[in-house]
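Please study the sequence and the structure shown below before reading on. The paragraphs that follow lead from the overall fold to one helix and then to pairs of charged side chains.

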Amino acid sequence: RITYQKGLDRMLEAWKIVVNNRKDWRLKFVGEGEQKEYLQQQCQKLGITGNVIFAPATKDIEKEYINSSLFLLTSRFEGFGLVLVEAMQCGVPCVSFDCPYGPSDIIDNGINGCLIENGNVEEFAKATLKLIEDDELRKKMGEAAIEKAKQYLPENIMPKWIELFNNITN
């Protein structure tokens, strides 16, 4: 969703820093929302239009993750951050603001992704560039991400839900 909550304006600010160092990388937004036109205008103002792709929503989001090198999350807040788990299941390391609720429960900073102080655009760009520049680190974090995501598989989560429900009813 291309909405205010997702903080994509902050992502574009960070991406401007990335592009200043790595003009060969592209940022891809997949989805729709009320901020799309505003963000396209922001790309023009920042001079990064050629480095940002706006793609329509897709039912095959797994394909998008598999074809990605990184997943970036600049949300102002999240309920849980399921998109992080989805990306991690596909071996994609994540760079995320440590926004209220979710990312710090999912990402082990420096192991399977990077947690950045919420709103710190410069540090977000720095962490993104570090992973862009270090193929081996990106691969290692991607492998660790796959392992972390296994914690959220139904066969691992459902017994916990059943135990919770049983404790509530007893």
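How many helices and how many strands does the protein have? There are eight helices and five strands, where helices (H or I, at least four residues) and strands (E, at least two) are DSSP runs numbered from the N terminus. From that terminus on, the elements follow the order α-β-α-β-α-β-α-β-α-β-α-α-α. The radius of gyration is 17 Å, close to the 15 Å that the globule rule gives for 170 residues, so the protein is as compact as a globular protein of that length. This radius is taken over C-alpha atoms, and the globule rule is 2.2 Å times the number of residues to the power 0.38.

The model is predicted: local features need pLDDT of at least 70, side-chain atom pairs count only at pLDDT 80 or more, and totals for chains, interfaces and linings use all residues. Residues are numbered from 1 along each chain as its sequence is written, and side-chain values use heavy atoms, with hydrogens and water left out.

Of the 170 residues, 44% count as buried; buried means under 20% relative accessible area, exposed over 50%, and partly exposed in between (1.4 Å probe, protein chains only).

An α-helix has 3.6 residues a turn, so residues three or four places apart point the same way.

The whole structure contains nine salt bridges, each a side-chain nitrogen of Lys or Arg within 4 Å of a carboxyl oxygen of Asp or Glu. One of them joins Asp9 to Arg76, whose closest N and O atoms are 2.9 Å apart. Asp9 lies in helix α1 (residues 8-21) and Arg76 in the loop between β3 (71-73) and α4, so this pair ties together parts 67 residues apart in sequence. Both Asp9 and Arg76 are buried. Another salt bridge joins Arg22 and Glu133 (3.2 Å, N to O). Because Arg22 lies in the loop between α1 and β1 (27-30) and Glu133 in helix α6, the pair ties together parts that are 111 residues apart in sequence.
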